[in-house]
Amino acid sequence: MGRLATYTRRTFLVSSVAITGGVAFGAWQVARTPENPLQSDGDSVAMNPWLIIDPTGITVIAPRAEMGQGVRTTLAALVAEELDADLAAVRIEHGLPAQAYYNGALLADRAYALSDTAQSGWSSTLSQAVPKVLSMQVTGGSTTTVDAFEKMRIAGAAARETLLKAAAARLGTGLDRLKTDMGSVVAPDGTRIPYTDLAQDAALIKPPSNPRLKARADWRYLGKSQPREDQPGKATGTAQYGIDVRLPDMLFATVRMSPRLGAGMKSFDAQAAQSMAGVQKIVDLGDGVGVIATNTWLAIQAANAISVEWNDAPYPADTDAIFEKIAQAFDDSPNTVQRDDGDAAQALQNAAQLFEAEYSAPYLAHSTMEPMNATALFTHDALEIWAGNQAPVMAQADAAAALGLKKKQVTVHTTLMGGGFGRRSNVDFVALAARMAQAMPGRAVQTTWSREEDMRHDHYRPGAIARFRAALDGDKITALEGRMAAPSIMSQMMGQMTGMSIAPPDATLTEGSHDQPYDIAHMRVAGHAADLSIPVGFWRSVGNSQNAFFHESFIDELAHSAGADPLSFRLNMIRAQHEPSATVLETVRDMSGWTGRTPAGVGRGVAFTYSFGTPCAQVVEVREQDGGIRISDMWIAADLGIALDPANARAQLTSGAVYGLSAALYGEITFADGMVEQENFYDYDALRMENTPRFHVKILENKSQISGVGEPGTPPAAPALANALFDLTGQRARKLPLSDTFNLAG
Amino acid sequence: MPITLTVNGRTHQVDLPGDVPLLWVLRDELGLTGTKYGCGVAACGACTVHINGAAVRSCQLPLEDVDGPVTTIEAEGTPDAMSALQTAWVEHQVAQCGYCQSGQIMQAAALLRQTPAPTDAQIDEAMSGNLCRCGTYPRIRSAIHAAANAMKEG
């Protein structure tokens, strides 16, 4: 019953997204193959949306953006593998906004299943339909490889078959006598015809829709670490990020929007700024001001010299009042109950002993290394944009709407990103850059936010509170009730998409808790949506980022209450639910030599999270050192089903953990007078080389399904660290960041 | 009154107010975009360049105070002719988003000039002003060791 109910709710969520998105779509819209956004042009042949062959070589179109995952190389490898082309010689470009590049994995059900089998046909079709019909071209949710794994291999394999047929026709030879090798068709006598010579002919042949794909044992590139094509550029300063775009006669701009988020401004006085060096134009944006100048720094200086009277914040003015508002959401009926197995309320009422705890997590900024920026050229009837972004179709639509243009009048070039972490899936900065360029028709204008503007105008990870109750029987949890309150990301997103006030069931309120593979007979997890308009968004691992801290800290407390070893306590309950998850825990136990005992001055903690289809377990070791505490080591095990590029996967898991540890230690966005108090890296810091632990990473491939790796390293990091600190000090931190409670000086 | 500035061996006459930080002269005036803007307050190291061989945060150095020839990442090496450090960076696949790496490499180059065979502790001390939000630190450390060995042998 529990599982069926969960399924029905998910279906409802998917449908409600479709309906509120203004889409009533019929079967033909779902079934229709999106048109190829690429057009063959002279010698350049667009074989399909992912592959261009011209006389100079092979170009793979990556539908997802590069923000550090190494995904350009992996996506090219998917095509090159089946095309049988030389990966090192393949050029890679990012796809323009197009329906063909929709992300079919975005809404896929990636819940663990008791039996590890593939999704049923029609549910998977439904979850594909919404992103397809809505052209959801998004890089996020650890979905890139999941979405591309079949699509881009098929793109390569289908093209290869047409190239073979073209060669067979030209040579008058049977298909079975031809083979392919590294970008050429090879004839029986050894003659090689390069694909580049065959593409024109091949384009006239209808590609097969279900070409045969290679068996894994035959893979040349996939499953093996490949040299990343972006490395030489990034090591020599020649890689071009959004902020590095340089166009003829370009001007440089910045903006100052209300520090009381969404509040707009009463008035401004730019008299002093007007006459400052380099200033070309002051732009009244209505809800803020912008300055166009001859260089970025002069623009920022002038913008800071403008005196602005901002409106009052449309939310409580300080952190305490904001968290009071979040806590008030517990008084309302839940927005969503994603897990309701057995009868938790009854079981807890009957319990001999009740264990309770309340946790909280602060708002967090993404703080990508490259501040928000975009470059735009407005020529009255057209707008061209260059921006590092995770959602080009949305960027195109929002920029068009901001300027009153049609979408087809707007071109979006997606550049490399100096970090994304979810921030660049909100494309507010693109629309702002378009508005700035509109003030200077015919001139390219690059609009860069100062670090301070970036820090204070994020779409933050929501602040959140969790309240847990549980009952134990020996070393097993018999009943658990979790309630989480936070502002709803989905509600804000739907509001932005539709202009209506909608509160769909938001699974991100409780993900990382309700969906964990613990065998607990009576379990109920409810999410309460707090009514706060502070912009929130997708922060690496989204709801898992705070809920894993809540859930895995509470599990740890229960283990200690039961007098059990925290790792075996988890293992006993996980094994019955999901075998690959249990294996991940056993692996991290063995890697770290976990015994449950630590010498004086050393503490260890463990945490486990199943997120984005990937089970990930981490052990953190902390040591007393120089009067403070140092994080010395971290062991990570994760099961990806198939690791397409193992070195990249290890880098992603480590990166996710560093991101999670940084936030756990230092991350906190606070408010005063309606404004974010943090400004820059000196008051919103992260791990540095000197306090980053040694990492030991192992990747498993026991699951039958491929799953993503960009985010699953983040959620367990905070609870593993908090649990290690408890082991060392006997002090339980129920609130982040941990540097408020502990002296983590080492 | 233009200010004379030597960058990567070339002399430029720059007609900008003297308080404009070197970073923005390099990026927006001379088109040398390899040097990055991260914080503007010397808190992240993304803008690190060399002046007289020493690592300097160019976001905090006014144009009028530049007292020697400037070297940027563009002169450390090119994709076709990389320095030993850059080669080590590529071989260790250090970069993820890569935005901080110009600054990391310039900082590491200054370290190796002073300390040709640094210990982990010396690397930590020299490099901890350089922030990386992707957490590439373990590979940065390995690449510095590898480059130090290569330079010793080379």
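## Basis and conventions

Two strands are called paired if DSSP finds at least two bridges between them. Helices (H or I, at least four residues) and strands (E, at least two) are DSSP runs, numbered from the N terminus.

This is a predicted model, in which local features need pLDDT of at least 70, side-chain atom pairs count only at pLDDT 80 or more, and totals for chains, interfaces and linings use all residues. Residues are numbered from 1 along each chain as its sequence is written, while chains are lettered from A and ligands numbered from 1 in the order in which they are written.

## Strand β8 of chain A

Strand β8 of chain A covers residues 251–257. It has two pairing partners here. With strand β18 (residues 444–448) of chain A, β8(A) pairs in the parallel sense over 3 bridges. A:Gln446 in β18(A) stands opposite A:Phe252. With strand β11 (residues 288–293) of chain A, β8(A) pairs in the antiparallel sense over 6 bridges. There, A:Val291 in β11(A) is the bridge partner of A:Thr254.

Is β8(A) enclosed or open? 7 of its 7 residues are buried, so β8(A) is largely enclosed by the rest of the structure. Buried means that 20 or more other C-beta atoms, placed from the backbone, lie within 10 Å of a residue's own. In a regular strand the side chains alternate between the two faces of the sheet. One side of β8(A) holds A:Leu251, A:Ala253, A:Val255 and A:Met257. The other holds A:Phe252, A:Thr254 and A:Arg256. Both faces are covered.

## Domains of chain A

Chain A divides into domain 1 (2–225), domain 2 (242–312 + 372–448) and domain 3 (319–364 + 460–740). The bounds come from an automatic or database domain assignment. The centres of domain 1 and domain 3 of chain A, taken over C-alpha atoms, are 34 Å apart.

In chain A, 30 residues of domain 1 are in contact (C-beta atoms, placed from the backbone, within 7 Å) with 38 residues of domain 3. On the domain 1 side, α1 (2–20) and α5 (144–171) of chain A are the elements that give two or more residues. The largest share, 8 residues, comes from α1(A).

## Chain B

Chain B has 6 helices and 5 strands. From the N terminus on, the order is β-β-α-β-β-β-α-α-α-α-α. Its C-alpha atoms fill a box of roughly 45 × 30 × 25 Å along the principal axes. Of the 154 residues of chain B, 56% count as buried.

Conventions:
Contact = placed C-beta atoms within 7 Å. Buried ≥ 20, exposed ≤ 12 C-beta atoms within 10 Å, placed from the backbone.
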